[in-house]
Amino acid sequence: MFTRHPAAAVLFHRDGTLIENVADNADPSQVEPMPGAQEALTRMRRAGVQVAVITNQPGVARGRVSPDELHEVNTRVEELLGPFDAWAICVHAEGDGCGCRNPAPGLVLRAADTLHVSPFDCVVIGDAGSDMAAARAAGARGILVPTWQTRREEVEAAREVAGSLTDAVDRVDPLDYGVTLTRHSFTGLMDQAQVVGWSRW
């Protein structure tokens with residue numbers, strides 16, 4: 001039995017959660033929504049819960065995806081799934097030592113800051129252990145929705161596991177939240193994450 005959790009915002013991981021995971025995807029034609037993604041987003045929007053995307057895109061740092069291609073792919077995501085209230089994107093490679101790449105908390109903190117909510121009032125929904133680690137590090141609640149690519153140890157380590165995206169949003173209640181997040185020691189981490197207008201680098 002799961003516990004319903006009041007939330008001001010739901011932060012969805014992009015690849016493997018909202019859309020099919022295509023490594024270093026630079027082609028909008030390859031964007032395919034995951035099962036249940038449209039329904040889950042529609043339910044959250046109708047309930048007044050803000051929705052955002054958090055995503056690691058190291059292909060930019062590797063030179064496999066250009067900023068323009070990333071913009072085109074993300075634009076296609078919104079064409080298929082509707083507009084999001086915020087995007088927080090890490091374009092660094094694994095060895096860059098940034099504070100935004102999951103499992104670091106930077107993307108969660110940046111999205112929460114942009115939405116003017118506390119990270120403690122956010123739910124992170126993702127398909128990987130690194131998504132759950134980022135949620136914990138930021139003080140958010142994490143719900144893992146495993147796919148065939150999710151490792152068994154990631155499932156075992158997750159505090160909460162849902163069988164589908166619709167199952168995950170079943171656990172979320174709208175929260176009437178009107179307090180702006182106070183900037184403090186998280187500011188340096190938040191400044192490293194690209195957010196909202198993803199074409200602006």
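Ala135 lies in helix α5. Helices here are DSSP runs of H or I with at least four residues, strands are runs of E with at least two, and both are numbered from the N terminus. The model is predicted, so local features need pLDDT of at least 70 and side-chain atom pairs count only at pLDDT 80 or more, while totals for chains, interfaces and linings use all residues. Residues are numbered from 1 along each chain as its sequence is written, and side-chain values use heavy atoms, with hydrogens and water left out.

Start with the surroundings of Ala135. Its relative accessibility is 0%, so Ala135 counts as buried. Buried means under 20% relative accessible area, exposed means over 50%, and partly exposed lies in between (1.4 Å probe, protein chains only). Beyond residues up to four places away in sequence, Ala135 touches Val108, Val124, Ala140, Arg141 and Gly142. Contact here means heavy atoms within 4.5 Å.

Now take the whole helix. α5 covers residues 129–138, and its buried residues are Gly129, Asp131, Met132, Ala134, Ala135 and Ala138. These buried residues pack against two helices, α4 (106–115) and α6 (152–157). They also pack against the strands β2 (9–13), β5 (122–126) and β6 (141–144). Just after α5 comes Gly139, with a positive phi of about 90 degrees.

His116 follows α4 and has a positive phi, near 60 degrees. This residue sits in the loop between α4 and β5. With 47% relative accessibility, His116 counts as partly exposed.

Another positive phi occurs at Asp24, near 50 degrees, in a residue other than glycine. Asp24 belongs to the loop between β2 and α1. Its relative accessible area is 24%, so Asp24 is partly exposed. Most residues other than glycine have a negative phi, and most peptide bonds are trans. The peptide bond from Asn102 to Pro103 is cis, with omega near 20 degrees. Pro103 is placed in the loop between β4 and α4.

Asn102 leads on to Asn56. The side chain of Asn56 reaches the backbone nitrogen of Asn102 at 3.1 Å. Asn56 is found in strand β3, residues 50–56. At 14% relative accessibility, Asn56 is buried. Leaving out residues up to four places away in sequence, Asn56 touches His13, Cys90, Cys100, Arg101, Asn102 and Leu107.

Next, the nonpolar interior. In soluble globular proteins, nonpolar side chains tend to be buried together. A nonpolar core is a set of buried Ala, Val, Leu, Ile, Met, Phe, Trp, Tyr and Cys residues joined through side-chain atoms within 4.5 Å. The largest one here has 32 residues. Val10, Phe12, Leu18, Leu81, Phe84 and Ile125 have the most contacts inside it. At least two residues of this core come from each of β2, α1 (37–46), β3, α3 (67–81), β4 (86–90), β5 and α7 (165–169). Apart from this core lies another, of 23 residues, among them Ala8, Ala52, Ile54 and Cys122. Phe12 is in contact with Leu18, Leu41, Val53, Ile125, Leu165 and Val169, among others, leaving aside neighbours within four places in sequence.

His13 also takes part in the largest pocket, where His13, Asp15, Asn21, Ala128 and Ser130 are the closest to the centre of the 21 lining residues. A pocket is an open set of points on a 1 Å grid over the protein atoms alone, where a 1.4 Å probe fits, with protein on both sides within 12 Å along at least five of seven lines; lining residues have an atom within 4 Å of a point. About 520 Å³ of space lies in this pocket. The lining divides into four nonpolar, eight polar and nine charged residues. Asp, Glu, Lys and Arg count as charged; Ala, Val, Leu, Ile, Met, Phe, Trp, Tyr, Cys and Pro as nonpolar; the others, Gly among them, as polar.

Finally, the chain as a whole. The protein chain has eight helices and eight strands. Of its 201 residues, 51% are buried. Among contacts with a separation of 6 or more, 70% join residues 24 or more positions apart.

Terms used
Polar contact = N/O pair within 3.5 Å; in protein donor to acceptor, adjacent residues only side chain to side chain. Points joined across faces, edges and corners; volume = space filled by probe spheres on them.
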